[in-house]
Amino acid sequence: MDQTSLTTALANLSLGTIRYFDTLGSTNSKAAAWAENDAPDLALVVANEQTEGRGRSGRKWFTPADAALAFSLVLRNQEAARSEVLSPAPIVRLTALGALAICQALRLDYNLPAVIKWPNDVLINQRKVAGVLAEALWTGDVLSAVILGIGINVAPESVPSDRELAFPATCLQDAISRPLSRLELLRAILIQMLKWRDLLNEPDFIQAWEDLLAYRGQSVEIISGDKDQYATQGELIGIDQLGCLKLRDQTGKMFTILSGSMRPLPVSKEAYQQ
Ligand code: BTN
């Protein structure tokens, strides 16, 4: 991968300027600095290697050279639409946009059973293969851009060992049992991203997101709060029209959660016996 092959592979997509780097701290940081300056809508930053890749909740994201796909898009306009209220809602929906685009590309172009572990992980066969990190840039009270960062484990070298991970991981090459082109993968994801971005506020978007949700009908726990101080358990029902996760507690009461980290709860012995 280099600047020329990247520009050629993405030539007929409606993107902004494309910048390639052999190595970077973080594509999200680079894209944010560019967005503070003059990056146009859909400006793209791609790196072959990240030395300080970031995941959600302050976690590190491992991106060794030649083995992974790491890129960030600068999103302006619709999402930044002079949103004068400091609201996390656009971040939730844009995180879903990234996860949905990855899943759809993996399903349509690679025939893989990819699903979304709310809010930002993409799983194949119960193992994480990709993550999304959406970060907002504010100018005063106005959302000026969102940086949508995507990291995908492509080759086995990109998969950290299980003991370093909160959730087991895999890579695409193991899932399809052959090497694959990162450029083709990037192109497939961006095609889905551009398609779904135009439908972001449509019921079809929520439906597609909900259809791909992992653990529906199962018991899950959501950890939330600044210090992960809240744990909420319930049966995962789906996604509401605002993009919140719908859960049902043991008494049958429905409630929604806007953000947090999810883990599936083990199925109890009683449940097997029923
Ligand atoms: C997560 O699962 O916690 C999100 C991982 C997001 C990683 C990507 S790699 C490209 C972009 N640059 C970063 O520093 N992080 C995101």
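Which atom of the ligand is 3.4 Å from an N or O atom in the side chain of N120? It is an oxygen atom of the ligand that is 3.4 Å from an N or O atom in the N120 side chain, and such a pair counts as a polar contact when the N or O atoms are within 3.5 Å. The model is predicted, so local features need pLDDT of at least 70 and side-chain atom pairs count only at pLDDT 80 or more, while totals for chains, interfaces and linings use all residues. Residues are numbered from 1 along each chain as its sequence is written, and side-chain values use heavy atoms, with hydrogens and water left out.

**The ligand and its surroundings**

- Around the ligand there are 21 residues, of which S26, Q50, R54, R56 and K128 come nearest; a residue is near the ligand if one of its heavy atoms lies within 4 Å of it.
- The side chain of S26 places an N or O atom 2.7 Å from an oxygen atom of the ligand, and a polar side-chain atom of T27 lies 3.0 Å from a nitrogen atom of the ligand.
- The ligand on its own exposes 420 Å², and the protein buries 99% of that, with accessible areas taken from the Shrake-Rupley method and a 1.4 Å probe.
- The largest pocket holds the ligand; a pocket is an open set of points on a 1 Å grid over the protein atoms alone where a 1.4 Å probe fits, with protein on both sides within 12 Å along at least five of seven lines, and a molecule sits in a pocket if more than half of its atoms lie within 2 Å of its grid points.

**What makes up the shell**

- At least two residues of the shell come from each of α2 (27–36), β3 (68–75), β6 (127–139) and β7 (142–153); helices (H or I, at least four residues) and strands (E, at least two) are DSSP runs numbered from the N terminus.
- Strand β6 gives the most to this shell, with four residues.
- Sorted by class, the shell has six nonpolar, 11 polar and four charged residues, where Gly counts as polar and the charged class is Asp, Glu, Lys and Arg.

- Strands β4 (residues 114–117) and β5 (residues 121–124) run antiparallel and are joined by four bridges; two strands pair if DSSP finds at least two bridges between them.
- I116 stands opposite V122 in β5, and a hairpin through three residues joins β4 to β5.
- P119 is found in the loop between these strands, β4 and β5, and the peptide bond from W118 to P119 is cis, with omega near 0°.
- L42, in the loop between α2 and β2 (43–50), has a positive phi of about 65° although it is not a glycine.

- Six bridges connect β8 (residues 219–224) with β9 (residues 230–239) in an antiparallel arrangement, and E221 has Q233 in β9 as its bridge partner.
- The hairpin of β8 and β9 has five residues between the strands, and G225 in the turn has a positive phi of about 95°.
- Strand β9 is also joined by four bridges to β10 (residues 245–248), again antiparallel, and L236 stands opposite L247 in β10.
- Between β9 and β10, which form a hairpin, there are five residues, and G243 in the turn has a positive phi of about 90°.

Key:
A polar contact is a pair of N or O atoms within 3.5 Å; within protein, one must be able to donate a hydrogen and the other to accept it, and residues adjacent in sequence count only if both atoms are side-chain atoms. On a 1 Å grid over the protein atoms alone, a cavity is a set of points where a 1.4 Å probe fits but cannot get out, and a pocket is an open set with protein on both sides within 12 Å along at least five of seven lines; lining residues have an atom within 4 Å of a point.
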